[in-house]
Amino acid sequence: MDLNYLLQLFISGMTRGSIYALIALGYTMVYGIVQLINFAHGEIYMIGAFTALIVATVLNMTGMPGIAVFAIAMVVAVVYSAAYGFTMEKIAYKPLRNAPRLSALISAIGMSYFLQNYVLLAQTSDFVSFPRLIPKFRFLEGLGGMLSSTQVIIFLVTAVVMVLLTLLIKFTKIGKAMRATAQDKTMALLVGININQVIAVTFVIGSAMAAVGGVLISSHVGQINFYIGFIAGIKAFVAAVLGGIGSIPGAVLGSFVLGLTESFGTGYISSDYEDVFAFIILVLILIFRPSGLLGKSQKEKI
Amino acid sequence: MKKRLVILTALAAIALLAFVGCADKGPKTIKIGVAGAHTGDLASYGLPSVKAAELVVEEWNAKGGVLGKKIELVVADDVCKPEVATNTASKLVGDKVIAVIGHICSGATKAALGIYKDAKIITISPSATNPPLTKSGDYPNFFRTIASDDAQAEVDVEFAMKKLGFKKFAVLHDKGDYGKGFAEFAKGYLDAAGAEVLVFEGIQVGAVDYSAIINKVAASGAEAILYGGYHPEASKLVSQMRAKGMKTVFISDDGVKDDTFIKVAKEAAEGVYASGPVDTTKNPLAVKATEDHKKKYGEDPGAFFLNAYAATQALLNAIQKAGSVDYDAVTKALRSEFVETPLGKISFDAKGDAIGVGFSVYQVQNGVYVEIK
């Protein structure tokens with residue numbers, strides 16, 4: 001088919017990829033530092049979306065312009081989700097810091113169920129409409145509907161978040177401490193790094209990014225319920241593993257590979273097999289690069 | 001001593017024979033079987049039919065019955081299992097019923113139908129929706145007062161092609177039993193009618209973004225989408241299509257004909273078509289039947305109550321019009337006579353599907369579903 005079609009599929013793949021990346025970063029950062037797969041991460045994404053929905057509904061009543069509502073809802077969702085991430089770490093993971101890794105994993109699964117059911121009971125089990133917070137941009141009309149304003153915002157926000165994250169990790173003191181903790185927890189402790197603080201910050205940053213993803217995708221899709229975090233979380237987890245879990249550039253690369261695979265698979269073959277493509281790619285990459293695209297191979301300590 | 005016993009036995013036997021003979025000369029009642037799941041997991045589907053038949057029969061008996069005879073119901077349970085249903089059917093045949101209201105489940109109905117066919121017993125199901133029961137033409141004794149599974153697809157396809165004049169379609173579904181079934185029937189009807197099905201695919205439920213499949217539909221040049229599935233995915237698809245400025249008409253099924261769809265999709269829902277059961281809430285007979293049920297049983301009627309009510313009414317009406325309980329006369333009357341029921345004015349077509357029962361197409365107009373006549 002023609003080039004225009006290819007470009008459209010590319011754009012939808014990038015949209016998916018951006019969302020996966022925002023969630024996958026949280027998985028990979030946490031894994032890099034505490035070797036824990038935080039299964040409740042998808043739920044943080046969902047809580048971010050719900051928070052934004054509540055804030056936006058209230059603000060929309062005041063008649064504020066859409067983009068301002070969007071910005072405020074986003075900030076509140078980020079703060080709120082970050083607080084959830086922080087609390088979750090303190091309650092569910094910190095007491096298990098020195099327990100076998102399996103215990104923390106089970107605790108994460110429990111946390112995931114708890115948060116899902118908490119939102120189910122406190123909010124609703126139905127799908128609820130999410131307001132279209134992002135106005136239509138005039139300059140996109142010339143493109144003939146190829147790119148929607150939500151997609152533009154998704155790309156922009158994702159890019160900004162990633163640049164900020166890279167700067168934070170490369171050039172700040174806490175970033176340096178995070179890298180040190182990821183390399184060797186005991187050594188980091190010995191040189192005077194406050195590990196508890198580093199881990200808490202990691203959870204806060206990861207949760208904040210998940211919330212950004214939640215708000216963006218909800219205003220793109222237009223509806224949310226308590227269960228959205230599960231599927232998005234699983235896909236993002238696959239993306240993180242694909243790119244090499246623990247590696248930040250890997251998570252981003254894995255997300256785009258996954259998003260584009262799904263999009264082109266749907267476009268050129270059939271959407272019947274969308275998930276099949278996603279998992280075939282995962283299997284293939286793990287066969288040839290067991291630690292993921294950019295993951296470092298783990299050397300067994302003797 | 002022994003002799004006396006023999007004589008007594010013989011006498012008893014003669015007396016019994018005489019008794020039976022007497023009953024045989026002219027049955028005083030007309031027997032109608034009511035079969036379905038009355039116990040077990042699916043009892044809630046079968047019991048309302050028994051109550052419906054009871055209510056109708058009571059009303060007719062109060063007026064003197066049919067053809068001057070009282071109507072008697074013979075209730076038989078099949079637990080919704082095909083292997084039990086054959087026994088149930090044999091029992092009803094043995095009881096000399098002239099017709100059966102039932103069975104409830106499609107599988108059990110199919111198992112029992114052969115037995116009724118051989119015994120020339122009319123069978124009217126209020127709930128068996130499996131298409132081949134009527135469409136195959138194997139069971140001339142079978143009728144039903146519910147639309148078959150493929151009726152929605154047929155109604156939607158006919159509407160899209162005849163009323164809206166479309167020729168090129170994209171058929172999407174959610175890969176579930178219901179949605180995929182609808183999509184496959186729709187594709188069958190579209191192919192038969194000579195329309196082009198340009199895309200036929202299942203979508204991933206719960207995915208974060210549907211723009212890839214939407215682009216595919218847009219690129220295919222389809223004029224309308226027929227979607228089989230439920231409202232959450234439908235509203236995502238429609239919202240994303242409209243956000244892209246795509247005007248492709250969206251036509252769907254009963255799973256989308258839900259107010260939640262409109263609440264969630266908002267402006268994007270405007271103009272969407274969805275099929276749903278013909279509206280009976282304003283039918284005075286339906287209102288009355290429901291009231292009677294509440295009065296007698298102290299609760300709201302259950303599943304398929306109105307369908308069973310209509311089935312019993314149609315049957316008794318046909319017997320009345322035919323003037324006899326003869327199989328051929330009654331089946332002919334069922335096919336030719338229209339009768340007022342809670343489901344509207346109904347009759348049966350040559351294959352046994354009810355005319356006047358089924359689905360209409362609704363369209364979202366100003367935030368509500370409006371039936372399109």
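The mean positions of the 44 positive and 44 negative charges of chain B lie 6 Å apart; Lys and Arg count as positive and Asp and Glu as negative, with His and the chain ends not counted, and each charge is placed at NZ of Lys, CZ of Arg, CG of Asp or CD of Glu. The structure is a predicted model, in which local features need pLDDT of at least 70, side-chain atom pairs count only at pLDDT 80 or more, and totals for chains, interfaces and linings use all residues. Residues are numbered from 1 along each chain as its sequence is written, chains are lettered from A and ligands numbered from 1 in the order in which they are written, and side-chain values use heavy atoms, with hydrogens and water left out.

**View 1. Overall dimensions and composition of chain B.** The C-alpha trace spans about 100 × 40 × 35 Å along its principal axes. Chain B contains 13 helices and 15 strands, taken as DSSP runs numbered from the N terminus (helices: H or I, at least four residues; strands: E, at least two). Of its 373 residues, 51% are buried, where buried means under 20% relative accessible area, exposed over 50% and partly exposed in between (1.4 Å probe, protein chains only). Among contacts (heavy atoms within 4.5 Å) with a separation of 6 or more in chain B, 66% join residues 24 or more positions apart.

**View 2. The five-stranded open sheet of chain B.** The strand order is E2-E1-E3-E4-E5 (chain B), with parallel pairing; two strands pair if DSSP finds at least two bridges between them. Strand E2 (70-77) and strand E5 (142-144) of chain B form the edges, each pairing on one side only. Neighbouring strands of this sheet are turned by 25° against each other on average, direction ignored. Strand E1 (residues 29-36) of chain B is joined to E2(B) by eight bridges, and Lys31(B) has Glu72(B) as its bridge partner in E2(B). Helix H3 (residues 82-94) of chain B lies across E1, E2 and strand E3 (99-101) of chain B, at about 155° to E2(B). Axes are lines fitted to C-alpha atoms, for helices over the stretch in contact, and angles run from 0 to 180 degrees between N-to-C directions. Helix H13 (residues 327-336) of chain B lies across strand E4 (122-125) and E5 of chain B, at about 35° to E4(B).

**View 3. The buried strand E8 of chain B.** Five of the five residues of strand E8 (residues 224-228) of chain B are buried, so the strand is largely enclosed by the rest of the structure. Ala224(B), Leu226(B) and Gly228(B) point one way from E8(B), and Ile225(B) and Tyr227(B) the other way. E8(B) pairs in the parallel sense with strand E6 (residues 168-173) of chain B over five bridges and with strand E9 (residues 249-252) of chain B over four bridges. Ala224(B) stands opposite Phe169(B) and has Val249(B) as its bridge partner in E9(B).

View 4. Asp156(B) counts as buried because its relative accessibility is 0%. Leaving aside neighbours within four places in sequence, its contacts include Leu226(B), Ile251(B) and Ser252(B).

**View 5. The three-stranded open sheet of chain B.** The order is E11-E12-E13 (chain B), with antiparallel pairing. Strand E11 (339-341) and strand E13 (354-355) of chain B are the edge strands. Three bridges link E11(B) and strand E12 (residues 344-348) of chain B; Val339(B) has Ile346(B) as its bridge partner in E12(B). Helix H12 (residues 305-322) of chain B lies across E11 and E12 of chain B, at about 160° to E11(B).
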